[in-house]
Every structure is written in structure tokens, then in C-alpha cells.
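Have the model open as you read.

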Amino acid sequence: PVTECLLNVCLSVALGYYWGLPGIIIGVIISLVSIVLIWKPYYLFCKGFQTPVWEYWKNYLKYPIVSWLMLGGGILFVQPSIGDINNFTSLLRTAIIYTSLFALLTFVLYYVMSSSFRFVSYRFYEMARNRISKRRKS
């Protein structure tokens, strides 16, 4: 925490001096990424678990890459089919349809790709089923 704080303050002051508020935000992002996303996993996996840090990165990067590819595919293929949005109701309807479609496809892809996601999904399913069966008995 001390290193992250010092890096954050130093970068925010230095970059804020030259670029103002965007520089401060960039300084915060750089310190966060360098410590939380790079150094901590590296140290934990190399020194703590004594396994290659690549295992962490492989699993960590898999999901955002799939999400970005789906988002890009949605923009590329779905956006031309949206049509005219000329009032709030059509905007809301279109947003609900495409958000639901994206959520469903993301769920299916994550379910296929990850045994951990399947396990968590099964746990939620069992919790919901138990709660519903308890209410019916009452």
C-alpha cells in the first residue's frame, strides 16, 4: 500500500502539473495497473504459490477478451440493424433487447469456457431452487 500510494501521489502530481485533471487521472490509473494488476499477481504467484504467473494471466485475460470480441461483433453486425430511434420508447426497447442478447451470449460463452463459471451457476441454481421449495412448503 505504501508503494502504491507513493507512486500514485508522485505520478499524479507530475502528470497533473503538465496536463491538469487528465494527468492526475492517468497517474492514478498507471499506479493502479502497475501495482494491483501487474506486481501483486506476479509476486503472489512467483513467491507465494510458486507457480508461473502466466496461469493467472491466461485465466484473467480470457474473459475480457471474449467480452470485447462480442462487443465488437455486436457493433459490427448488430448496429446496422437497429434502425431509427426517434423517441425514448424505441431507445429503451432497443437497449433492453440488445443488452439482454449480449448478456445471454456472454453467459453461454462463459458457461462453455469455464468450469468455475459452471460451478457458480450451478450453486446459484441450487440456492434459488431451495428457496422456492421452502416457500412452497410454507
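A salt bridge here is a side-chain nitrogen of Lys or Arg within 4 Å of a carboxyl oxygen of Asp or Glu. This is a predicted model, so to speak of local features takes pLDDT of at least 70 and side-chain atom pairs count only at pLDDT 80 or more, while totals for chains, interfaces and linings use all residues. Residues are numbered from 1 along each chain as its sequence is written, and side-chain values use heavy atoms, with hydrogens and water left out.

**Salt bridges**

How many salt bridges does the structure hold? There are two, and here they are:

| glutamate 55 | lysine 58 | 3.6 Å |

Helices, for what follows, are DSSP runs of H or I with at least four residues, numbered from the N terminus. Lysine 58 and glutamate 55 sit three residues apart in helix α3 (residues 54–78), so about one helical turn separates them. Glutamate 126 and arginine 129 are also three residues apart, about one turn, but in helix α5 (residues 115–137).

As for accessibility, buried means under 20% relative accessible area, exposed means over 50%, and partly exposed is in between (1.4 Å probe, protein chains only). Lysine 58 comes out partly exposed at 40%, and glutamate 55 is partly exposed too, at 37%. In the other pair, arginine 129 is partly exposed at 43%, whereas glutamate 126 is buried, with a relative accessible area of 17%.

**Serine 121**

Helix α5 also holds serine 121. Is serine 121 buried or exposed? With a relative accessible area of 17%, serine 121 counts as buried. A polar atom of its side chain lies 2.8 Å from the backbone oxygen of phenylalanine 117. Leaving aside residues up to four places away in sequence, serine 121 touches Phe107 and Tyr111 (contact means heavy atoms within 4.5 Å).

**Cysteines**

Now for the sulfurs. A disulfide is a pair of cysteine sulfur atoms within 2.5 Å, and the structure holds zero of them. Cysteine 46, for its part, is partly exposed, with 28% relative accessibility.

How values were computed
Helix = DSSP H or I, 4+ residues; strand = E, 2+ residues; numbered from the N terminus. Polar contact = N/O pair within 3.5 Å; in protein donor to acceptor, adjacent residues only side chain to side chain.
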